[in-house]
Amino acid sequence: MLSRVTTFAIDGLRSRRVTVEVDIRPGLPAFTVVGLGDAAVRESRERVRAALLNSGFEFPSRRITANLAPAALHKAGPGFDLALAAGVLVASGQAPPEMLDQWAFVGELSLGGEVRPCRGVLAVAEGARQFGLRGLVVPVERADEATLVDDIAVVAVASIKELVGFLCGELKTRATRAALVSKATSNDELDLADVRGQEAGVGALEIAAAGGHNLLLWGPPGAGKTMLARRLPTILPSLQREEALEITRIHSIVGLHSTAGLVNERPFRAPHHTISSSGLVGGGAVPAPGEVTLAHHGVLFLDELSEFARSTLDALRQPLEDGWVTVVRGQRSVRYPARAILVAATNPCPCGYAGVGDRCRCSEPDLARHRRRLSGPLVDRLDLCLSLQRPAIGALTQSKGPTSEQVRTRVEQARAIQSKRLRGLRATCNAQMDSRQTSDLVRASGPALSLLDLAYNASFLSMRGHQRVLKVARTIADLAGSVTVEREHVGSALALRQHGSRLGEAA
Amino acid sequence: MGQFLQDQPPRSGACDGCLRRADLVARLGPHIETAHAMRLGRPRILALSDDRLIDELGGRHAGALRAGCDRFSTSQARAHAVAAGINTTCRHEHLHYPKALLELSDPPAALHWIGRPGALRELTSEVRRCAAVVGARKASEYGLEVARSLGRDLSEAGVTVVSGMALGVDGAAHEGAIEAGGRTVAVLGGGADVAYPPSKRRLHGRLAATGVVISEMPPGCRVWRWSFPARNRIIAGLAAVTIVVEAQRRSGSLITAQFATDLDRELGAVPGRVTSALARGPNDLLADGAVVVRDAGDVLDLLGIERPTLAPPPQLMPVQAAVLAAVLAGAETLSAITATVNDGDGVMLALVELELGGRVRRDLGGRYTPVGI
């Protein structure tokens with residue numbers, strides 16, 4: 001007897017419909033799974049067999065062949081277990097076939113017959129809606145995630161027994177839950193008010209958040225670089241539902257998403273400096289998203305920037321400019337979103353103490369190497385650069401600065417101004433404007449432009465630097481509520497602009 | 001070869017004997033290194049005659065060394081030097097050879113230099129218009145800034161800045177002098193065409209273009225440890241004043257200072273913080289009677305040259321003046337400066353204006369230091 005069950009395979013960040021065909025006929029007892037499955041798919045035979053037997057059902061001792069169609073698509077992971085079990089149950093006549101037409105099944109099985117959570121349920125649910133299915137059967141732990149998609153009925157099953165119950169028409173569906181975006185960031189323990197004696201650092205962080213600009217923090221150990229960077233997500237605008245869905249889809253597919261429902265805070269990713277380029281931008285034999293994609297709509301923090309391999313950092317350049325990355329492996333090409341704010345931190349020298357009295361113990365070649373590593377094309381694209389010093393001891397007892405809440409309000413106001421200006425364009429904040437949009441949309445006063453020209457003529461700025469300073473100045477003006485960019489806004493942007501070329505000469 | 005060729009062809013004015021001597025010293029390099037390592041006697045060993053040098057240092061290689069010397073062809077050496085764009089002169093040629101060097105107990109026999117053929121004479125003939133600026137390789141920001149401004153201001157006042165093209169203070173002094181037109185002389189321990197240290201390749205090229213790079217060693221010669229004290233005696237010998245900017249207690253710059261004292265030349269030192277190891281050298285010299293050097297004016301006084309009247313710096317806006325005062329008082333980062341001067345965006349604007357006006361400098365990491373002294 002033959003049964004057909006619908007399920008979905010994850011390909012990049014999308015799901016593709018897969019039909020599991022199970023055929024049972026007389027012959028020597030055997031269970032074969034064909035259709036380009038990976039090791040986890042092949043092992044699923046053992047899980048399905050044990051789960052059925054341990055749940056009190058019969059595992060037919062006949063010749064069983066399962067095919068995952070389309071046969072040309074690579075399929076990975078244990079998420080096909082539930083569909084296979086349903087196929088075997090229906091094909092062996094232990095469950096009625098009626099529900100199979102309109103429902104998709106996804107989930108991993110334990111040997112005892114429990115249904116375990118699996119990855120990528122949100123993408124699967126979106127696929128199910130796209131194919132016009134009535135509903136989706138998922139593990140209980142993933143039910144909230146699946147209900148994020150409208151127009152799809154969701155049934156949560158905890159075991160094989162419940163699965164059979166559903167196939168016999170006994171189980172109730174869950175209601176979709178539309179609004180799950182909570183306004184408050186759940187990361188309550190981090191707040192900008194904890195940062196003392198770093199007013200300029202807090203200011204630069206606010207500008208970075210308001211315009212989506214990348215930031216380089218520079219300073220000796222203990223100056224508070226990491227402390228500041230970790231607080232950037234707390235002052236970014238609250239997530240829109242669309243953004244939250246995107247983050248949830250990505251995190252669910254890579255298995256980062258452990259809680260139920262929608263991700264409601266912006267990601268903060270801080271990969272170690274030993275990371276490879278495919279780890280950072282995505283890749284691998286089976287393409288997987290990299291850290292820059294995991295940081296989508298959030299913050300990518302690279303601590304000890306000078307320790308990262310040069311090639312790794314250069315690979316990051318295109319994704320940061322374009323907001324997406326295309327990974328090509330063999331015949332497959334996958335496009336991942338990569339719109340994150342990059343925050344990099346570095347010590348002023350390899351030992352970290354340059355400029356702290358004469359405590360620095362680095363040799364001149366060490367320093368030169370350090371500077372060289374920090375002068376690549378990626379660093380050139382960091383719009384804001386700020387030097388931090390350890391705060392004086394008195395600063396630690398000073399009154400608190402603004403809270404994350406207060407700063408976020410200002411950031412959201414500045415973003416609102418920007419989205420009005422950028423309406424209808426692909427760019428959503430100042431940092432994403434291309435050069436034509438910058439010259440079309442940024443209005444600067446005469447004195448502001450003359451200061452920019454002065455800086456340009458003093459070979460203080462390159463042509464690209466000119467554009468970038470203008471974008472940062474626009475953000476500063478937005479924060480100040482100014483319609484045109486004034487001289488002091490350009491001044492602040494220039495003061496926050498790094499320029500390595502000049503130091504290179506003195507080396 | 002030939003990368004330093006100028007518009008005019010290089011002149012080779014050194015006599016055969018002196019070229020032969022330079023070649024011999026280069027040949028003896030490793031032997032002097034051993035003698036130096038065993039502290040048999042400092043570079044004054046170079047005062048010995050050719051034969052005695054071979055006897056003292058050659059040991060069992062004396063025969064081979066003599067044979068090598070006999071094979072040496074002066075015409076070939078001259079052709080080589082010309083092909084590499086290197087000028088030569090020797091102590092027997094009074095027109096080009098700096099007379100001040102003859103006061104040394106062991107003056108270099110031949111001098112090889114890169115630059116215009118007339119430049120050596122222009123820059124070094126008058127010892128009262130030469131000042132040596134030397135100091136630590138691992139200098140602090142402060143030391144580099146002082147060396148740079150001394151180099152710039154002295155060169156501007158028509159004083160030749162002599163130094164050793166080393167990392168740190170030496171290089172900064174040359175850079176400053178080049179900024180102001182390039183009245184500067186670099187003395188190298190190896191061949192004049194060998195950029196040592198290699199990281200100073202660009203500076204070497206610029207020095208060759210605007211100033212002079214000189215060496216007593218033949219072209220292509222490598223450096224030994226003894227090359228540095230030997231080079232230092234030439235630096236001290238060329239200048240009427242030697243200024244030590246920053247130096248630890250066991251620093252080569254103090255050897256230069258010793259040579260200057262032995263030659264009865266003036267010695268100046270730039271005071272530093274008493275807690276800094278880099279200030280020990282100059283502060284010790286000051287305690288022993290060296291002249292305090294705070295700016296180029298102090299050096300000009302020592303040389304007996306009138307201080308040039310400086311154009312008054314342009315008027316600053318109040319906020320600019322306040323920011324500059326904060327930077328002069330040691331505030332380095334934006335946080336520190338905004339903590340002192342409370343004027344929001346105005347502070348950043350003032351900083352940028354001061355930077356564009358050349359009053360403060362910002363390093364790669366965004367730390368501010370005042371320019372000039």
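Visitor: Which residue forms a salt bridge with Glu353(B)?
Guide: Glu353(B) is paired with Arg487(A) in this predicted model. The closest N and O atoms of the two are 2.8 Å apart. A salt bridge here is a side-chain nitrogen of Lys or Arg within 4 Å of a carboxyl oxygen of Asp or Glu.

Visitor: How many salt bridges are there between chain B and chain A?
Guide: The count between chain B and chain A is one.

Visitor: How should I read the numbering and the prediction?
Guide: Residues are numbered from 1 along each chain as its sequence is written, and chains are lettered from A and ligands numbered from 1 in the order in which they are written. This is a predicted model in which local features need pLDDT of at least 70 and side-chain atom pairs count only at pLDDT 80 or more, while totals for chains, interfaces and linings use all residues; side-chain values use heavy atoms, with hydrogens and water left out.

Visitor: What area is buried between chain B and chain A?
Guide: The area is about 2900 Å², and carbon and sulfur atoms give 58% of it. Buried area is the accessible area (1.4 Å probe) that two parts lose on being put together, summed over both. Leu356(B), Arg362(B) and Leu364(B) supply 25% of the area that chain B buries against chain A, more than any other three residues.

Visitor: And how many residues does the contact take from each chain?
Guide: It takes 30 residues from chain B and 42 residues from chain A. Contact means heavy atoms within 4.5 Å.

Visitor: Let us turn to Ser335(B). Where is it found?
Guide: Ser335(B) is found in helix 15 of chain B. A polar atom of its side chain lies 3.5 Å from the backbone nitrogen of Ala200(A). Beyond its neighbours within four places in sequence, Ser335(B) is in contact with Gln198(A), Glu199(A), Ala200(A) and Gly201(A).

Visitor: Is Ser335(B) buried or exposed?
Guide: Ser335(B) is buried, because its relative accessible area is 6%. Buried means under 20% relative accessible area, exposed over 50%, and partly exposed in between (1.4 Å probe, protein chains only).

Visitor: What about Glu486(A): where is its place?
Guide: Glu486(A) is in the loop between helix 18 (463–480) and helix 19 (487–495) of chain A. With a relative accessible area of 27%, Glu486(A) is partly exposed. Not counting residues up to four places away in sequence, Glu486(A) touches Ser445(A) and Ala448(A).

Visitor: Finally, how many helices and strands has chain B?
Guide: Chain B has 16 helices and eleven strands. Of its 373 residues, 58% count as buried.

Technical notes. Helix = DSSP H or I, 4+ residues; strand = E, 2+ residues; numbered from the N terminus. Polar contact = N/O pair within 3.5 Å; in protein donor to acceptor, adjacent residues only side chain to side chain.
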